Amino acid sequence: FSNFTEEQLRKLSQYGFFVVPTKKQQLFYNYEENEYNKIPNFVTADNLLQLLHLVFNTSLKKTEEKVLLAKLTAMEAGLQSELAKRAALAKDPVYVSLRRYFAVLHYLLSNGSLPKDLDAEDKKVILLEIQNIKGQKKATSPIFQTLVDYSFFKIRGHYETSAALKKYFLAMNWLSQMPFRAKTEVDRRRILLAAELFTANKEIAKNFTAIYHLTRFYAGEAD
């Protein structure tokens, strides 16, 4: 070791060490170089945390892309099938709101297509929701008639790395961010009908349970 600057010498005298930047892209490059030069490594806790984060994030990313997206898509298809069986409720405002809610989910998972048999008003409301999602600002949901912070739909982190993960991110945010209130009779009926849809078909319930167990494993219990 030689050619220290005056500042480095001051730091070395004051603290016993100093930190310099490196152009090395991976941590193990330093370990390998030190091995050849017989220089001991000082491993700090942040190195271990970074490695843990890399393992966790890679595992989560692969699980979302290869497993959870498929289960989410299958669950959505099952929900559309169950909604179609309840066409007799077509004029019920509770049914209409859920039909639109799950139509937005279908749009997000199918690269911009809409389910069949939607009327003009359905399409108008659904496209307003999509506009809000793309706007990523606070706005009133045309389906739920309540203020929603759509900035949560800004794609970030590893979800930016593939079309599949972008799709998964938006769909899961739609399911988790939109508020199901229980203040009025209509609110409560909406919750009951949604619960009935999720339990009417064993495959829907199976996919929902699998999604929840995996996301709980990675992120913890739901609120």
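Modeller: Start with a cut-off. Exposed means over 50% relative accessible area, and buried means under 20%. The model is a predicted one.

Colleague: Why is K85 called exposed?

Modeller: K85 has 59% relative accessibility. The cut-off is over 50%, so K85 counts as exposed.

Colleague: And what makes E82 buried or exposed?

Modeller: E82 has 3% relative accessibility. Buried means under 20%, so E82 counts as buried.

Colleague: How do you know that E82 forms a salt bridge with K85?

Modeller: Their closest N and O atoms are 3.1 Å apart. The limit is within 4 Å, so the pair qualifies. E82 and K85 also belong to a network of salt bridges with R86 and E196.

Colleague: What makes R216 and E221 a salt bridge?

Modeller: The N to O distance is 3.6 Å. That too meets the limit of within 4 Å. R216 is partly exposed at 31%, and E221 is exposed at 55%.

Colleague: Which parts does the salt bridge of R100 and D122 tie together?

Modeller: The closest N and O atoms of R100 and D122 are 2.7 Å apart. R100 lies in helix α4 and D122 in helix α5, so the pair ties together parts 22 residues apart in sequence. Both residues are buried.

Colleague: How many salt bridges are there in the whole structure?

Modeller: A search finds 10.

Methods: Residues numbered from 1 in each chain as written. Predicted model: local features only at pLDDT ≥ 70, side-chain atom pairs only at ≥ 80, totals over all residues. Heavy atoms only, no water. Salt bridge = Lys/Arg side-chain N within 4 Å of Asp/Glu carboxyl O. Buried < 20%, exposed > 50% of the residue type's maximum accessible area, 1.4 Å probe, protein only. Helix = DSSP H or I, 4+ residues; strand = E, 2+ residues; numbered from the N terminus.
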